[in-house]
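Reader: I have a model open and a few spots to check. Can we go through them one at a time?
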Amino acid sequence: GLGYVIFNLKDKQNIISASLLLSTLPLILFSTLRVEDTARYMLPMNIGIIMIISVFVIKLYERIKKQNKYGAYILIILILLSFWMYGQEKINTMKSVKQFSPGFIDGCEWVRENTPENSILLATYMYHTRYQCDRSVAIANDAEEIYLTNDETSYQHMKQNGINYIVVLTGLITDQKLKEHYPIEFINYIDNSNKFKKVHDNTDTYGNSGVIVYEVL
C-alpha cells in the first residue's frame with residue numbers, strides 16, 4: 001500500500017494519506033523507554049496507515065473485479081475473515097490480561113463496606129485500588145521511605161501521608177525492590193509491629209490472588 005501511494009502521489013488522496021502518516025512520526029520522540037508507552041504514542045499513526053491500506057485494497061478490489069466479480073467478493077470475504085480471526089484472538093488475550101482478580105474485587109468490597117468513606121489507602125496499584133475500593137489512595141512522594149525503611153521511619157511517613165489502611169495484593173509480594181510491588185521485608189515489618197492490625201485476609205479463599213488489609217493504628 002505504501003509503495004502504491006509513493007508511486008501515485010499525483011492523486012490527492014494519496015498525498016493526504018502519506019502526509020498523515022509522516023506527520024505522526026515525530027510523536028515517537030516523546031515516547032519513554034517503556035515499550036507500552038511507545039505503542040501508545042504510535043496510535044495516531046494508525047490513521048495514516050489505515051488510509052494507505054484502504055487505498056491499496058480498493059485499487060486491488062477494482063482490478064480483480066474487472067477480471068472476475070466473484071474474485072472480488074472472495075477478496076472481501078478473506079479480509080473480513082482476517083479481521084475476525086486476529087480480532088477474536090486479541091479479545092481472548094486481553095480478557096485474561098486485563099481482568100481484575102476475584103480476590104482483589106472481594107478485598108475492595110470489604111474495604112467499601114467496613115472503612116470510613118474518608119479513609120486513605122496505601123496500595124501499589126493506586127488507580128486500580130482507588131477505582132475498585134472507592135477510597136482515596138495516597139500518592140506518596142516518599143514511597144521509598146515507606147516501603148524500604150521497615151522501621152519507625154516507615155510508620156511516621158505513613159502517618160504524615162494520612163494513611164489509614166494498607167491494601168496488600170499478595171501476588172505482588174516480592175523479595176526484590178521492584179516498583180509497584182510489596183517488598184517482603186515491608187510485609188514482615190507490618191506483620192510484626194504493634195502499630196498495625198490485620199483487619200481482613202481472603203488468602204484462604206483466593207490464595208496468591210488474595211488481598212490482606214491492615215489498619216494503621
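Author: Contact here means heavy atoms within 4.5 Å. This is a predicted model, where local features need pLDDT of at least 70, side-chain atom pairs count only at pLDDT 80 or more, and totals for chains, interfaces and linings use all residues. Residues are numbered from 1 along each chain as its sequence is written, and side-chain values use heavy atoms, with hydrogens and water left out.

Reader: Leaving aside neighbours within four places in sequence, what is S154 in contact with?
Author: Beyond those neighbours, S154 touches E145, I146, T149, F186 and Y189.

Reader: Which helix is S154 in?
Author: S154 belongs to α9, residues 152–160. Helices (H or I, at least four residues) and strands (E, at least two) are DSSP runs, numbered from the N terminus.

Reader: Is S154 buried or exposed?
Author: S154 is buried, because its relative accessible area is 0%. Buried means under 20%, exposed over 50%, and partly exposed in between (1.4 Å probe, protein chains only).

Reader: What does the side chain of S154 reach?
Author: It reaches the backbone oxygen of I146, at 2.5 Å.

Reader: New topic, backbone angles. What is phi of D134?
Author: Phi of D134 is near 55°, a positive value in a residue other than glycine. D134 sits in the loop between α7 (126–133) and β2 (136–137), and is exposed, with a relative accessible area of 52%.

Reader: And where is N150?
Author: N150 is in the loop between α8 (143–148) and α9. N150 is not a glycine, yet has a positive phi of about 55°.

Reader: Why does N150 count as partly exposed?
Author: Because its relative accessibility is 21%.

Note on methods: Polar contact = N/O pair within 3.5 Å; in protein donor to acceptor, adjacent residues only side chain to side chain.
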